[in-house]
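The structure is shown first, and the points follow by topic.

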Amino acid sequence: MATPCRLRLRLRLLFTLLVAVAVAASHPAHEFCAAAGGGAGGCGGGGDGTRILIKGGTVVNAHRAEEADVYIEDGVVVAVRPNIPVGDDNVRVIDATGKYVMPGGIDPHTHLEMEFMGTVTIDDFYSGHAAALAGGTTMHIDFVIPVNGNLTAGLESYKHKAEKAAIDYGFHMAITKWNDEVSREMEVMVKEHGINSFKFFMAYKGSLMVTDDLLLQGLQKCKSLGALAMVHAENGDAVAEGQQRMIDLGITGPEGHALSRPPVLEGEATSRAIRLAKFVNTPLYVVHVMSTDAMEEIAKAKREGQRVIGEPVVSGLVLDDSWLWDPDFATASKYVMSPPIREAGHNKLLQAALSSGILQLVGTDHCTFNSTQKAFGAYDFRKIPNGVNGIEERMHIIWDSMVETGKITVTDYVRVTSTECAKIFNIYPRKGAILEGSDADIIILNPKRSFAMGARTHHSRSDTSVYEGRKGKGMVEVTISRGRVVWEDGNLNAVPGAGRYVRTPPFGYLFDGLDKSDAVYRASLRAPVRRGEAAAA
């Protein structure tokens with residue numbers, strides 16, 4: 001008769017064999033990482049040998065929801081199927097009965113520890129990541145700001161900032177000037193540092209703004225590198241004029257911010273960027289779509305077959321600008337961001353555009369300043385640091401405002417909060433999915449539990465929140481980051497330095513077939529006309 005010890009050993013070996021067979025039948029556990037470019041940070045998991053079995057939940061991917069268990073080992077999803085046996089005392093079992101098991105959120109738009117408007121955002125790569133984990137986000141992509149236009153210096157600065165990272169992260173790169181050196185550095189960023197997206201500011205005249213000729217050159221360079229061009233779309237010249245107009249009228253408070261940069265200026269810039277991208281025939285990503293004016297330009301372009309990605313942010317989807325008229329400056333100023341939060345009505349139409357697919361994924365533009373920093377503009381709205389919170393609140397708010405109201409399905413939820421971002425930036429299915437071989441970035445959401453938001457309970461270092469007092473349904477109870485339980489029932493275990501840099505390879509799906517459309521264009525020109533030869537004949 002087998003002893004209990006030998007029996008446990010046999011069961012463990014049997015379980016390991018079953019898992020190995022299941023994985024081999026589909027694909028190697030690390031195949032996805034190779035397909036996504038891997039990266040200097042290594043492929044996949046946490047590397048600490050942790051084994052977790054999530055049982056009894058509804059596993060939701062963007063393509064389907066199914067009743068299944070999820071087995072995780074060494075930071076990687078090893079198996080996804082019903083009724084996986086435990087088989088080993090060293091496997092931690094998490095009961096997800098009645099709950100949704102989903103890929104961790106990926107926030108495509110953040111600004112951590114960013115120098116801006118004479119100060120630095122209050123959340124760094126630790127506090128911002130702690131907030132992210134508490135809200136169910138397991139990866140984000142931050143914007144590197146060049147140092148005096150130098151991309152390499154900017155990247156080195158952000159590498160240092162990210163040493164304390166607690167979750168996985170990637171980088172976009174901002175382009176704030178143009179010359180041959182910047183063009184050369186863009187190629188280095190793509191080929192050597194794994195950055196496949198570049199942001200051009202059409203606003204912030206005198207600091208970050210680029211002119212149309214520079215934008216055009218940047219679009220052409222992005223296309224040649226297989227990198228995605230991104231734009232902050234506001235007419236910077238008109239905004240500067242609008243700001244001065246408000247000051248001349250004696251409007252110096254936070255309401256002047258919204259009045260100085262109305263939706264028409266966002267719509268105009270969005271239209272201009274779309275048309276320039278069409279001229280170059282390259283994909284375009286419009287960040288923080290805040291108005292119906294901008295959304296309608298994106299919708300029109302998509303109807304015509306153009307490859308344009310529209311990214312709304314949480315604040316624009318659920319808030320309106322009425323707070324900017326609050327008589328208390330501290331309250332009003334915390335809502336100052338650019339483009340501004342719009343008047344009531346825009347948010348509902350943006351939600352409709354998200355549910356219909358006109359807008360494709362949700363970011364936050366998490367760019368936090370505390371009340372002391374916001375007070376820099378107490379007598380001049382132009383000096384109020386622009387930015388709001390959202391990295392901790394995004395997943396809960398989108399569930400409550402979009403899923404609970406029936407505007408999107410649970411699979412849509414996964415798509416707009418995780419999968420679409422992973423696909424756009426070419427890291428799917430390593431990220432953005434619960435599939436065999438994917439990184440074990442997973443959340444467990446209880447749809448029956450409620451949440452309440454506020455500055456006293458959030459994990460951001462900011463002493464304010466634009467979601468103060470907001471309540472809703474759908475609570476992230478567990479967050480798993482590369483196979484480690486880092487948030488569970490209100491307890492946070494964020495470890496500085498645990499986060500890894502994720503390279504984003506060039507030539508994502510948005511570039512598929514562009515060479516063919518270029519060939520069609522050239523064939524359609526019927527030029528040059530050989531007039532001299534025709535005349536001689």
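In this predicted model, helix α7 supplies the largest share of the lining of the second largest pocket, namely 4 residues. That pocket has a volume of about 350 Å³, while the volume of the largest pocket is about 470 Å³.

**Second largest pocket**
- Its lining comprises 19 residues, and F116, M117, Y204, K205 and S207 are the closest to the pocket centre.
- Two or more lining residues come from each of β9 (115-116) and α7 (236-248).
- By class, the lining of the second largest pocket holds 10 nonpolar, 5 polar and 4 charged residues.

**Largest pocket**
- The largest pocket is lined by 18 residues, and those nearest its centre are K278, F279, V280, N281 and D518.
- The elements that contribute two or more residues to this lining are α9 (263-280) and α17 (514-524).
- Of the elements, α17 gives the most to the lining of the largest pocket, with 5 residues.
- The lining of the largest pocket divides into 7 nonpolar, 5 polar and 6 charged residues.

**Surroundings of R415**
- R415 is part of helix α16, which spans residues 410-424.
- Leaving aside residues up to four places away in sequence, R415 is in contact with A62, L354, Q360 and E420.
- The C-alpha atoms of R415 and V362 are 9.5 Å apart, although the two residues are separated by 53 residues along the chain.

Notes. Residues are numbered from 1 along each chain as its sequence is written. This is a predicted model: local features need pLDDT of at least 70, side-chain atom pairs count only at pLDDT 80 or more; totals for chains, interfaces and linings use all residues. Side-chain values use heavy atoms; hydrogens and water are left out. Contact means heavy atoms within 4.5 Å. On a 1 Å grid over the protein atoms alone, a cavity is a set of points where a 1.4 Å probe fits but cannot get out, and a pocket is an open set with protein on both sides within 12 Å along at least five of seven lines; lining residues have an atom within 4 Å of a point. Grid points are joined across faces, edges and corners, and a volume is the space filled by probe spheres set on the points. Ala, Val, Leu, Ile, Met, Phe, Trp, Tyr, Cys and Pro count as nonpolar, Asp, Glu, Lys and Arg as charged, and the others, Gly among them, as polar.
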